[in-house]
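Subject: Structure handover

Hello,

The structure is below, followed by notes on what was found in it. Please read them with the model open.

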Amino acid sequence: MTPRLDAFGLVVADMARSLAFYRRLGLAIPAEADSAPHAEHTLPGGVRLMWDTVETVRSFDPDWSPPDGAQVSLAFRCADPAEVDSVFAAMTAAGADARLKPWDAPWGQRYAVLLDPDGNGVDLYAPLPPPAA
């Protein structure tokens with residue numbers, strides 16, 4: 001058997017705060033997960049995004065400590081450039097930290113970067129329309 005990517009996880013300081021952030025991005029995570037030590041959400045295609053509290057990780061790895069700086073970035077595709085701007089505005093209005101405001105990237109996408117409550121990068125992007133000929 002060849003191993004396949006099945007899930008990826010984030011270690012969070014405050015489960016409820018982290019899950020609220022990802023709910024605002026459209027993930028349907030049940031409210032009862034806010035008080036759980038572990039939560040997960042199955043993404044389209046079957047890969048799971050998982051969250052574990054610091055206490056949960058330390059229960060099996062007592063010497064674990066958070067790395068310096070963000071170690072992961074998640075990217076959310078938006079329908080179009082206007083949605084990048086509107087999602088960014090809604091998320092920052094709800095208290096999300098802005099890392100990079102929306103801009104037209106030279107690689108042909110409208111792009112913006114938020115930080116989740118634990119400092120992980122959360123990119124928003126959408127293809128730019130092709131240049132007029």
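In what follows, two rings of Phe, Tyr or Trp (its six-membered ring) are a pair if their centres lie within 6.5 Å; planes under 30 degrees apart count as stacked, over 60 as edge-to-face and the rest as tilted. By that definition, ring pairs link W103, W107, Y111 and Y125 into a cluster.

Some ground rules. This is a predicted model, in which local features need pLDDT of at least 70 and side-chain atom pairs count only at pLDDT 80 or more, while totals for chains, interfaces and linings use all residues. Residues are numbered from 1 along each chain as its sequence is written, and side-chain values use heavy atoms, with hydrogens and water left out.

Overall layout

The protein has three helices and seven strands; helices (H or I, at least four residues) and strands (E, at least two) are DSSP runs, numbered from the N terminus. Their order from the N terminus is β-α-β-β-α-β-α-β-β-β. Along the principal axes, the C-alpha atoms fill a box of roughly 60 × 45 × 30 Å. Of the 133 residues, 35% are buried, where buried means under 20% relative accessible area, exposed over 50% and partly exposed in between (1.4 Å probe, protein chains only). Among contacts (heavy atoms within 4.5 Å) with a separation of 6 or more, 50% are between residues 24 or more positions apart.

Aromatic pairs and the core

Six aromatic pairs turn up in a search of the whole structure. In one of them, F21 and Y22 have ring centres 5.0 Å apart and planes at 75 degrees, so the pair is edge-to-face. F21 counts as buried, at 1% relative accessibility, and Y22 is buried with a relative accessible area of 0%. Y22 also pairs with W51: the ring centres are 5.7 Å apart and the planes stand at 55 degrees, so this pair is tilted. This second pair links distant parts of the chain, with Y22 in helix α1 (residues 15–24) and W51 in strand β3 (residues 48–53), 29 residues apart.

Leaving aside residues up to four places away in sequence, L114 touches F21, F88, M91 and L124, among others.

The buried residues of α1 are M15, S18, L19, F21 and Y22. Seen down the axis, they fall within an arc of 150 degrees, so they line one face of the helix; the arc is that of the directions from the helix axis to the C-beta atoms. D14 caps the N-terminal end of α1, with a side-chain oxygen 3.2 Å from the backbone nitrogen of A16. After the helix comes G26, whose phi is positive, near 105 degrees.

α3 has 13 residues and spans 19 Å from its first C-alpha to its last, close to the 18 Å expected at 1.5 Å times one less than the number of residues. P81, V84, V87, F88 and M91 are buried in this helix. They cover an arc of only 125 degrees around the axis, which puts them on the same side of α3, whereas A82 and A93 are exposed on the other side. The cover over the buried residues includes α1, β5 (97–105), β6 and β7. At the N-terminal end, D80 caps α3 through a side-chain oxygen 3.2 Å from the backbone nitrogen of A82. Just after α3, G95 takes a positive phi of about 110 degrees.

Two polar residues

H41 is in strand β2 (residues 38–42) and counts as buried at 15% relative accessibility. A polar atom of the H41 side chain lies 3.3 Å from the backbone oxygen of A28. N120 sits in the loop between β6 and β7 and counts as buried at 8% relative accessibility.

Regards

Note on methods: A polar contact is a pair of N or O atoms within 3.5 Å; within protein, one must be able to donate a hydrogen and the other to accept it, and residues adjacent in sequence count only if both atoms are side-chain atoms.
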